[in-house]
Amino acid sequence: MSDDKTPDGFYADEAPKQAVSEVPEDPSGKKLRWAFRKVDATLLFVLFLSNVLNSMDRANLGLSKVAGLEEDTGMKGSDFNVVASIMYPSYLVFMLPSNLALRKFGARIWLSLITVVWGVINMCMAFAKNRTDFIICRLFLGAAEAGATPGALMLIALWYPRQMVTSRVALFYSAFAAGAVIGGPIASGIMKIDNPRFLHWEWIFFIEGLATAGFGLLMFLLLSDYPESSWLFRRDEKLLLKQRMDEDQAEGGHRAVNKRRLLVHAVDPLVYAQALILFCANFGVNTILTFSAIIVNKLGYSPSASQAMQAAPGICGFVGILVSRYYPKVFKNHYFSSLFCSSWLVIGSIILLATTNNGARIFALCLLSFGAFGNVAIGPGWLMSNVGGPTRSAFGGAINVICGGLGGLCTSYIYRNKDAPRYMFGHGMNLFAALLSIVVATLAYGIIRYRNKRKETHPIDISHLSADDQIDLENDHPDFRYVE
């Protein structure tokens, strides 16, 4: 195994060696730009579709509840909330083992394998007969999905130079909203299957799980850990891509994680303040993915109509996450961008709490989705924009994923059967999360302004340090400035 690491701190198996003397001339850069467009159309598109299926597989539990899952399996009280939440503990526990396997086997093999596995687990839920069966399946589902996002991010880091990674990661995350757009209508269509082999909700699990498992096999054929090992690219394209990634490595993208700096970052309140933005945003995101069809159904709409109408807030979330990449340019910083997203969450939650009009409630879910998915991009983007090196990147990324998972875990319990149809507790918790997001964003902004001002007025002397030690200072380097 190589001693190098990817820009996100992942170990990578040694890439196949190719002579670079044959790299074609490309003075205008057109050939390289075309090669990266081809990467977008192949690798990134495959990862995007994988994340769409991930989103759909997470949402199908709520869609199946609308189709009669609770009544058919004898669930009562908070049983459904337990089933919805139980995947997150195993998701968090198996994140480290899955990452270790990811580094050992490579992203291509591991991503394909776990995609097939979680598809099969979803198919198994079609045969679940009670709460216990679902708990077992959901525990295994969380373990299987633990390596999906880190694996995709690792592949993106191996195929794109650092300055191109952020925009591709944003597109990758937009797949969660895209899954919400199409998941409901697809479930509504599946419910029209009239076959005694399965109940309507069982068909949802079986068909969507089968599609995911089949796509996992296709991923093995289409993905490659490195540009130079892909059969989808011509030799000249491979050489151009490899040369650019070698340049990126020479620019410092592959420095090792510093364990001493890791302890410094572990007690930095700024990391946690920025990661909590994603924690708060995931209240709204998981409300849309898991509970929006249930909320609409309790407004008096039929199961199939409730599932189809999930597309409306899904579309708003998809638009929200796509346009959020422009907010820092419009508002001139990430702080006001986050406040803008959180304001939609506050407005949507207040409307849900204040009105009983069905149209207004559905409109409020759209506002909630627009703001939540926007903050899903802004929060992690702000955190990773304040990364001064690979150690900060590795720790910040891990804390961000953990906070996101905890947000999903908490949301699983806020929409309870006994609160239907108003769901005042759930909407109130979304309002609390939106206000908390404003508080932690303000805290992060204050810390950043203080540190940047102190760097100007009290710069530290690093003249006695070696070049490597100066680089290892990361965020504490006197030339480093935090992004507001």
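Modeller: Contact here means heavy atoms within 4.5 Å. The model under discussion is predicted.

Biologist: Which residues does Thr149 touch, not counting residues up to four places away in sequence?

Modeller: Thr149 lies in helix α8, which spans residues 148-159. Leaving aside residues up to four places away in sequence, the residues that Thr149 touches are Tyr91, Phe172 and Tyr173.

Biologist: Does Thr149 count as buried or exposed?

Modeller: A residue is buried when its relative accessible area is under 20%. Because the relative accessibility of Thr149 is 7%, this residue counts as buried.

Biologist: Which helix supplies the largest share of the nonpolar patch?

Modeller: The patch on the surface is formed by Phe105, Ile109, Leu218, Phe220 and Leu221, with about 440 Å² of accessible area together. Leu218 has its place in helix α10, and its relative accessibility of 37% makes it partly exposed. Three residues of the patch, the largest share, come from helix α10.

Biologist: What span is expected for helix α15 at 1.5 Å a residue?

Modeller: Helix α15 covers residues 311-323 and has 13 residues. From its first C-alpha to its last it reaches 18 Å, close to the expected 18 Å.

Biologist: What radius of gyration does the globule rule give for 484 residues?

Modeller: The protein has 21 helices and zero strands. Its radius of gyration is 23 Å, close to the value from the globule rule, so the protein is as compact as a globular protein of that length. For 484 residues, the rule gives 23 Å.

Biologist: What percentage of the 484 residues in the protein is buried?

Modeller: Buried residues are those under 20% relative accessible area. Their share of the 484 residues is 56%.

How values were computed. Residues are numbered from 1 along each chain as its sequence is written. This is a predicted model: local features need pLDDT of at least 70, side-chain atom pairs count only at pLDDT 80 or more; totals for chains, interfaces and linings use all residues. Side-chain values use heavy atoms; hydrogens and water are left out. Helices (H or I, at least four residues) and strands (E, at least two) are DSSP runs, numbered from the N terminus. Buried means under 20% relative accessible area, exposed over 50%, partly exposed in between (1.4 Å probe, protein chains only). Patches are made of residues with over 30% relative accessible area and no salt bridge: like charges are joined within 9 Å, nonpolar side chains (Val, Leu, Ile, Met, Phe, Trp, Tyr) within 5 Å. Accessible areas come from the Shrake-Rupley method with a 1.4 Å probe; for residues, only the protein chains shown count as cover. A salt bridge is a side-chain nitrogen of Lys or Arg within 4 Å of a carboxyl oxygen of Asp or Glu. The expected span of a helix is 1.5 Å times one less than its number of residues. The radius of gyration is taken over C-alpha atoms; the globule rule is 2.2 Å times the number of residues to the power 0.38.
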